[in-house]
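Me: I'm new to this one and would like to get to know it by asking questions. Can you walk me through it?

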Amino acid sequence: MRVVIAEDDALLREGLVLLLRTEGIEVAAATDNPDDFRDAVAAERPDAVIVDVRLPPTFTDEGLRAAVEARKLVPGLPVLVLSAYVEDSYASDLLSNGTGGIGYLLKERVGKVTTFLDALHQVVAGGTVLDPEVVTQLMIRRHADDPIRTLTPRERDVLSLMAEGRTNAGIAEELVVSEPAVSKHIGNIFTKLGLPSSENGHRRVLAVLAYLRA
């Protein structure tokens, strides 16, 4: 696996480089600004990118914007956002197409190296990994008429676990319910969010991200 990193904190950037190389992952480039990041993506065509949200010069949402642009340069490029913040702007552009290969983790909540590495591998495999706190904060910022607000507390629990990439069996184990009960909850979620039947797995991603749609 080859990755490109965009992180302005030098200590964290070098720590990520060391960690990934220790795990046998090639770091094609480690940059501290969006321009160099985009150039590296275009030149290296990596298997995945790891991006901080806030990069120079304004330290607002340059990282997210750069990630969106990187996905235009390399369609379907797996992106793992690793940030101290939940940033709404451009998050919908990055997350809402439902193609997978997206992760958004909060730095302060990544307590184990294995959690980070597992998330990276899942994203590279086409999965979607969202920190539950990211899901919660983005939900809170939606308008009151969002269909997400029609979900029951249990359906929200199921949706949050879906966001973590859990299987039906994993959700059932976490919530101490049967798998048929989980399937029923997921069906209700699809119905309430107006998601049509589909033969692919993207509908689960769309369910998690429906609240981000315009």
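**Getting to know the chain**

Me: Let's start with F59: how accessible is F59, and which class does that put it in?
Reply: Keep in mind that this is a predicted model. Buried means under 20% relative accessible area and exposed means over 50%, with partly exposed in between. F59 has a relative accessible area of 40%, so it counts as partly exposed.

Me: Where is F59, and what is its phi near?
Reply: F59 sits in the loop between β3 and α3. Its phi is positive, in a residue other than glycine. The value is near 55°.

Me: Which peptide bond is cis, and what is its omega?
Reply: Look at P57, which lies in the loop between β3 (48–51) and α3 (62–73). The cis bond joins P56 and P57. Its omega is about 5°.

Me: Is N33 buried or exposed?
Reply: N33 belongs to the loop between β2 (26–31) and α2 (34–44). The cut-off for buried is under 20% relative accessible area. N33 comes to 17%, so the class is buried.

Me: What does N33 touch, and with which side chain does its own side chain make a polar contact?
Reply: Leaving out residues up to four places away in sequence, N33 touches L55 and P56. As for the polar contact, it runs from side chain to side chain at 2.8 Å. The partner is D32.

Me: What about V176: is it buried or exposed?
Reply: You'll find V176 in the loop between α8 (168–175) and α9 (179–192). Its phi is near 55°, a positive value in a residue other than glycine. Exposed starts over 50%. V176 has 72% relative accessibility, so it is exposed.

Me: Why does L16 count as buried?
Reply: L16 is part of helix α1 (residues 10–22). Buried means under 20% relative accessible area. L16 counts as buried because its value is 7%.

Me: Which residues does L16 touch, and how many Å separate the C-alpha atoms of L16 and I50?
Reply: Not counting residues up to four places away in sequence, L16 touches I5, I50, L82 and F116. L16 and I50 are 34 residues apart along the chain. Their C-alpha atoms are separated by 9.4 Å.

Me: How much space lies in the largest pocket, and which element supplies the largest share of its lining?
Reply: The largest pocket holds about 310 Å³ of space. Both α5 (113–124) and β6 (128–130) supply at least two residues of its lining. The largest share is five residues, and it comes from α5.

Me: Which residues lie nearest the centre of the largest pocket, and how many of its lining residues are charged?
Reply: The lining has 13 residues, and those nearest the centre are L105, T115, V129, P132 and E164. By type, six are nonpolar and three are polar. The number of charged ones is four.

Me: Stepping back, how many helices and strands are there, and what percentage of the residues is buried?
Reply: The chain has 10 helices and six strands. Residues 24 or more positions apart account for 65% of its contacts with a separation of 6 or more.

Conventions:
Residues numbered from 1 in each chain as written. Predicted model: local features only at pLDDT ≥ 70, side-chain atom pairs only at ≥ 80, totals over all residues. Heavy atoms only, no water. Helix = DSSP H or I, 4+ residues; strand = E, 2+ residues; numbered from the N terminus. Contact = heavy atoms within 4.5 Å. 1 Å grid on protein atoms, 1.4 Å probe; cavity = no way out; pocket = protein on both sides within 12 Å on 5 of 7 lines; lining within 4 Å. Points joined across faces, edges and corners; volume = space filled by probe spheres on them. Nonpolar A, V, L, I, M, F, W, Y, C, P; charged D, E, K, R; others polar. Buried < 20%, exposed > 50% of the residue type's maximum accessible area, 1.4 Å probe, protein only. Polar contact = N/O pair within 3.5 Å; in protein donor to acceptor, adjacent residues only side chain to side chain.
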